[in-house]
Structures are given as structure tokens and as C-alpha cells.
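Here are some friendly notes to read beside the model.

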Amino acid sequence: MARATGLREMWQALPLERFTSRENYIWFVVATVCIGAFMAALDASIVNVALPDLTTYFHASASMVSWVLIAYLLTLATLLTLFGRLADMLGRRPLYTFGFLVFIIGSAACGAAVNLPMLIVSRVFQAAGAAMLQANSVAIITAAVPASVRGRAIGFQGSAQAIGLSLGPAIGGALVGLFGWRAIFYVNVPVGLLGTTMAAMILPKDKLSGHKATFDWWGTLLMTPFLVLVMLALTEGNSWGWSSPAILGMFAAAVLLLIGFIFRELSFRAPLVDMRLFKIPVFSVGNFTGLLSYLAMFGVLFLMPFFFERVLNYSSAVSGLILTAVPLGMTVAAPKAGALADRYGPRLLTTSGMALTGLASLFLAWTLSLRPNVTMMVIELVLIGAGLGIFTPPNNSSVMGSLPSSRLGVGGGILNMARSLGMAMGTALSGTMLAVFLMANGGVENPGGPKGPWIPATRYALFLLVVLSFLAALLSVFRVTQKKSPAEKMPLEW
């Protein structure tokens with residue numbers, strides 16, 4: 001009891017005055033938040049280049065190993081909104097600091113995993129910590145930073161996320177090549193300890209409103225198994241048989257859970273997902289096309305490591321370095337697209353961005369061979385990322401601009417959820433298509449199998465991503481400017 005009292009007093013004595021008394025204190029806060037933003041984004045892309053190694057190490061199929069990614073992304077999608085509301089009640093500083101600790105423990109457990117199920121469960125735990133970090137990072141900056149420099153501070157946080165996403169393949173490839181796949185998880189431990197220490201010593205105390213947050217527990221309990229069943233059916237349909245009782249049962253149960261979720265959200269006064277917002281055309285189209293855009297990107301990031309390492313015999317380090325072209329192209333194009341969107345509106349940019357991604361993916365599929373022009377492939381990957389960079393800022397801006405100020409937080413949570421679901425679906429769908437087309441071409445997934453079938457299998461899987469990219473471009477053509485949102489009629493408070 002005395003020890004617990006001592007720890008509580010120590011916590012209450014923080015943050016340290018040596019930081020809070022500085023004139024540039026707010027930038028220490030921003031730097032602390034950026035560490036969490038960087039780590040959470042890094043681990044969404046660092047694993048991709050290790051997937052071929054994981055299939056070999058655990059003697060598992062690509063579709064099963066894809067759950068190392070899917071589990072992380074699904075957990076993010078389901079917990080972001082929940083932790084955002086929990087922080088309103090308990091405080092953002094303690095939840096953010098605790099998020100670092102959970103992320104560290106999850107990362108260490110991933111590195112120590114002795115089998116694939118243990119690794120997947122550890123990734124869920126790791127993602128729970130990442131959700132605590134992502135759900136609170138912008139809110140901490142908003143509360144701590146004056147309005148005069150708030151945009152700049154949030155820009156740094158966004159840049160940290162973009163850099164983490166961009167460096168993930170390169171860092172992951174280098175670590176796997178030098179130390180093995182476990183290193184991509186162990187590297188988070190020292191960085192996480194630094195972040196935990198900084199969060200405890202620097203982040204400001206919370207000013208709680210005293211309002212108790214209302215949690216949509218039933219909404220969460222209905223949505224989570226729905227997503228898991230859909231992803232599991234997609235990834236294992238080829239292995240178990242698409243007409244097997246297990247797969248059909250999963251789809252049937254998923255439909256029932258979805259119906260229950262929709263009824264719950266329409267009737268609950270503080271829903272996890274405000275279904276009424278989807279009455280706004282710009283909001284609905286923007287979220288759906290945003291989901292398709294991240295589905296296309298993570299589909300490419302899932303497929304290409306297998307092609308580079310299985311067909312071309314590239315090392316993980318080289319594969320990761322090449323894959324950096326996608327997020328790099330996105331990072332370069334996004335700021336310019338945001339500025340152009342302010343001048344010309346979202347329709348032209350979102351349409352042309354996804355059309356560029358579709359065309360570049362099509363050319364990438366055509367150039368796959370046993371002796372491809374690597375320079376051309378890098379250019380195609382850069383163009384895929386650039387198309388996504390051109391699409392994303394105006395799309396997000398139009399989605400958020402269609403909402404009244406009273407629904408910005410809820411709308412932002414749905415937008416983040418759609419992004420995470422797109423990443424997870426891109427991984428699941430690409431893994432399934434790869435397995436289906438490998439089997440259709442007489443190939444096998446193990447490293448010692450023939451290389452020939454991998455080329456048409458990867459090409460056909462990419463063709464599906466091309467179709468989805470063009471679908472997003474087509475929907476963007478019909479994007480309209482929302483002059484007055486129907487959501488303005490909604491009550492300001494729940």
C-alpha cells in the first residue's frame with residue numbers, strides 16, 4: 001500500500017518543472033507525441049518485408065501469415081474510437097503513457113513468439129498500445145499548443161506518421177537481413193522506453209471536464225467479431241473451400257452481426273459509428289474511396305515482397321528498400337496535393353490520383369517477369385504512391401469539410417477506421433488472390449517450389465487492385481461539393 005501511495009505521489013509530481021518552465025515547452029510535448037506517432041505508423045508497414053521469412057520459419061501459407069498484419073490493423077480499427085472516449089474520462093496523459101508500455105510489452109512478446117498463433121496474439125496486444133497512442137496524439141497537441149502554431153504542430157505529427165510509414169519497409173528489410181525477423185519487433189523496446197519516459201516527464205496534466213464518457217460496448221462487441229469473421233473467411237476460403245460449411249457459416253454469422261451492429265448504432269445515443277453521417281453523400285463516397293485507396297496500397301505492399309524474394313531472389317534488405325518507393329511517392333505528392341485542393345477543389349485531384357495509381361499498378365503487372373527492369377518497377381511503385389498522395393489530402397479534406405463542427409471528432413474516428421480497414425482488407429484480399437492464382441497455375445507457396453507460377457499469380461492479383469483503383473477514380477468523378485450538410489440538423493450534444 002505504501003509503495004502504491006509513493007508511486008501515485010511520484011506520478012502527481014510530474015511533469016517535471018525543468019520542462020514545463022521552458023519557453024519552448026510546447027515543442028517538447030510535440031516531440032513526445034511524434035515518437036508515438038512514428039512508432040505506430042512504422043509497425044503498420046515494417047512487417048511486410050518479413051512476411052516471406054515468416055512463411056518459411058513457421059511453415060505457414062501466405063494467407064495465414066497475413067494475419068500478422070491483419071490482426072494489428074483490425075485491432076487499430078476497432079479500438080481507436082474507444083480509447084479516444086476513454087481518454088476523455090481518464091485523461092490523455094496517463095492513457096498515452098500507458099499506451100507506450102503496452103506497445104513495448106506487445107513488441108517484446110512478438111519478438112519472443114515461438115509459433116504463429118502466439119505472434120498474432122502478441123500483435124493484437126501491440127496494436128492495443130498503438131491505438132492508445134494514435135487516438136490521443138492530435139488531441140494532446142490541440143490541448144497543449146496555442147492556436148497560432150497549432151497547424152504547424154499537427155503538421156509535425158502528420159510528418160512523423162508519414163516518415164514512419166515510409167521508412168518501415170527499408171528499416172524492416174535491413175533488420176531482417178542483418179538480425180532476422182525478430183529484430184523488427186525488438187527494436188521497438190528501446191524506442192518505446194524513451195517514449196514512455198518522455199511522456200511521463202513532459203506531457204501536461206489533463207483538465208478533465210468531469211463528464212463521464214458513454215461507451216458503446218455492444219457496438220464494439222458486434223463489430224469486432226464481424227470484422228474477424230469476414231477477414232478469416234477471405235483468407236482461408238481457398239484452403240477450406242469457398243462452399244465449405246465453415247466458410248459459409250462465417251459469412252452468414254458476419255451478415256447477422258452486421259445487421260445487429262447497424263440496428264445498435266441507429267438506436268444508441270452515443271454510437272461507436274454514427275450511421276446518420278452516411279446520409280451525407282460526400283462523407284459516404286469519401287470514406288469508401290479512402291478505404292479502396294488504402295486497400296490498393298497495402299495490396300501492393302503485401303504482394304511485392306513475395307515477388308522480389310521468391311521470384312527474383314532479392315534479400316529482405318533490397319526488397320524493403322525498393323518498397324520504400326510507394327510511401328516515398330505518397331509523402332512527396334501529398335503536401336502539393338493539399339495545396340492544390342484548396343484552389344481547385346477535390347474532384348479533379350481525387351479522380352486523377354486514383355487513376356494514376358490504377359495505371360501505374362497496371363504497368364507494374366505487365367512488367368513482371370523473371371528478368372524485369374528494376375528501374376522501371378521502382379518508377380511504377382513511386383507513381384502508385386504519388387497517385388495515393390494526390391488522392392488522400394483532398395479526399396480527407398472533403399470528408400471532414402462535409403461535417404458540422406459538432407461531429408468532427410466522430411467523423412475523424414470513422415475516417416481513421418476506414419483507413420485501417422482498407423489496409424487490413426488489402427492484405428487479406430491480396431493474400432487470398434495470390435493463393436487462388438498460384439493454385440490455378442499449378443504453383444505452391446513454399447520457397448523451393450517453381451518460380452514460374454508466381455509471375456501470373458502476382459500479376460492477376462495486381463489486376464484486381466487495378467480494378468479497385470479505377471472504381472475509386474470513377475466514384476470520385478461524381479463527388480459533389482457539399483454546400484450544407486444534412487448533419488447540421490443533428491443535435492450539438494448527445
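1. Let's begin with helix H17 (residues 346–367) and helix H20 (residues 454–477), which pack at an angle of about 165° with their axes 8 Å apart. Helices here are DSSP runs of H or I with at least four residues, numbered from the N terminus. Axes are lines fitted to C-alpha atoms over the stretch in contact, and angles run from 0 to 180 degrees between N-to-C directions.

2. H17 passes H20 in a left-handed crossing, a term used if the near helix is turned anticlockwise from the far one by less than a right angle, and right-handed if clockwise. The contact of H17 with H20 has 14 nonpolar, seven polar and two charged residues. In this scheme Ala, Val, Leu, Ile, Met, Phe, Trp, Tyr, Cys and Pro are nonpolar, Asp, Glu, Lys and Arg are charged, and the others, Gly among them, are polar.

3. Please keep in mind that this is a predicted model, where local features need pLDDT of at least 70 and side-chain atom pairs count only at pLDDT 80 or more, while totals for chains, interfaces and linings use all residues. Residues are numbered from 1 along each chain as its sequence is written, and side-chain values use heavy atoms, leaving out hydrogens and water.

4. How confident is the predictor? The protein chain averages a pLDDT of 81, and 86% of the residues score at least 70; pLDDT is the predictor's confidence in each residue, from 0 to 100. Over residues 482–494 the pLDDT is below 50, and this stretch has 28 contacts in the model beyond near neighbours in sequence (contact means heavy atoms within 4.5 Å).

5. Next, look at H14 and helix H18 (residues 374–401), with an angle of about 160° and axes 10 Å apart. That makes H14 roughly antiparallel to H18. H14 passes H18 in a left-handed crossing, and their contact divides into 14 nonpolar, eight polar and no charged residues.

6. Finally, helix H3 (residues 25–45) packs with helix H7 (residues 92–111) at an angle of about 35°, their axes 11 Å apart. H3 passes H7 in a left-handed crossing. Residues making the contact include Val 33 and Met 39 of H3 and Phe 100 and Phe 103 of H7.

Key
Helix = DSSP H or I, 4+ residues; strand = E, 2+ residues; numbered from the N terminus. Parallel < 35°, antiparallel > 145°, perpendicular 65-115°, else oblique.
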